[in-house]
Amino acid sequence: MHRTLNRWLALALFVPALALAEPDFRAVYSTQGSFEDVKQGVEFAITGRGLVISHYSNIGEMLARTGEDVGSDRQVYLQAGVIEFCSAVMSRKMMEADPGNIIFCPYAISLYVLPDAPDTVHLSYERLSEVAEGGTTEVLEEIETLLDGIVQEAMAF
């Protein structure tokens with residue numbers, strides 16, 4: 001009886017901790033090099049697959065420019081940006097599986113350099129399969145594989 005009670009007590013303590021554990025929606029990699037070289041590697045990896053870059057957002061510049069306006073003098077990044085692109089084939093497949101998946105389009109790869117590590121470029125993307133529902137898991141995993149391949153190629157550039 002005492003052993004059973006201890007098991008239930010352990011389970012009662014463990015389950016809430018499990019519920020608090022959140023999935024990590026970001027895949028983050030780091031590489032040594034210059035921001036511009038890594039950015040160019042990402043661009044080449046995207047266009048080399050026949051995909052088109054639709055937009056580049058210079059997040060670092062925006063934060064630096066607007067910091068004073070919002071009452072902050074903290075430098076978050078030395079450089080930071082987001083490259084957006086799309087794949088007509090993958091996007092169609094993703095949205096045919098669930099029209100609500102439009103929220104994941106265009107795909108994005110973020111690059112950033114932190115002030116305390118100026119020679120390290122971080123690359124990240126959203127792990128879409130963490131939010132997959134129903135029959136969309138397979139296609140979102142395919143897109144993650146695409147994003148990961150682009151990041152890996154860029155780091156080897």
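Q: How many bridges join β3 to β4?
A: Seven, and the two strands run antiparallel.

Q: And β2 with β3, how many bridges there?
A: Five, again in the antiparallel sense.

Q: What joins β4 to β5?
A: Three bridges. β4 covers residues 107-113 and β5 covers residues 120-126, and they run antiparallel. Tyr112 has His122 of β5 as its bridge partner.

Q: OK, zoom out. What's the strand order in the sheet?
A: β1-β5-β4-β3-β2. The sheet is open, has five strands and pairs antiparallel.

Q: Which strands sit at the edges?
A: β1 (26-32) and β2 (52-57). Each of them pairs on one side only.

Q: How much are neighbouring strands turned against each other?
A: By 20° on average, direction ignored.

Q: Which helix packs on the sheet?
A: α2, residues 35-47. Helix α2 touches β1, β2, β3 (79-86), β4 and β5. Its direction makes about 5° with that of β3.

Q: Switching to helix pairs. Where do the axes of α2 and α5 come, and at what angle do they cross?
A: The axes come within 8 Å and cross at roughly 135°. α5 spans residues 137-156.

Q: Left-handed or right-handed crossing?
A: Right-handed.

Q: Which residues make the contact?
A: On α2, Val38, Gly41, Val42, Ala45 and Ile46. On α5, Ile150, Glu153 and Ala154.

Q: What's that contact like by class?
A: Six nonpolar residues, one polar and one charged.

Q: Last topic, confidence. What's the mean pLDDT of the chain?
A: The mean is 87, and 85% of the residues reach 70 or more.

Q: Where is the pLDDT below 50?
A: Over residues 2-19. Beyond near neighbours in sequence, that stretch has one contact in the model.

Q: What should I do with coordinates where pLDDT is low?
A: Where pLDDT is low, predicted coordinates should not be read in detail.

Methods. Residues numbered from 1 in each chain as written. Predicted model: local features only at pLDDT ≥ 70, side-chain atom pairs only at ≥ 80, totals over all residues. Heavy atoms only, no water. Pairing = 2+ DSSP bridges. Helix = DSSP H or I, 4+ residues; strand = E, 2+ residues; numbered from the N terminus. Axes fitted to C-alpha atoms, helices over the stretch in contact; angles between N-to-C directions. Contact = heavy atoms within 4.5 Å. Left-handed = near helix turned anticlockwise from the far one by under 90°. Nonpolar A, V, L, I, M, F, W, Y, C, P; charged D, E, K, R; others polar. pLDDT = per-residue confidence, 0-100.
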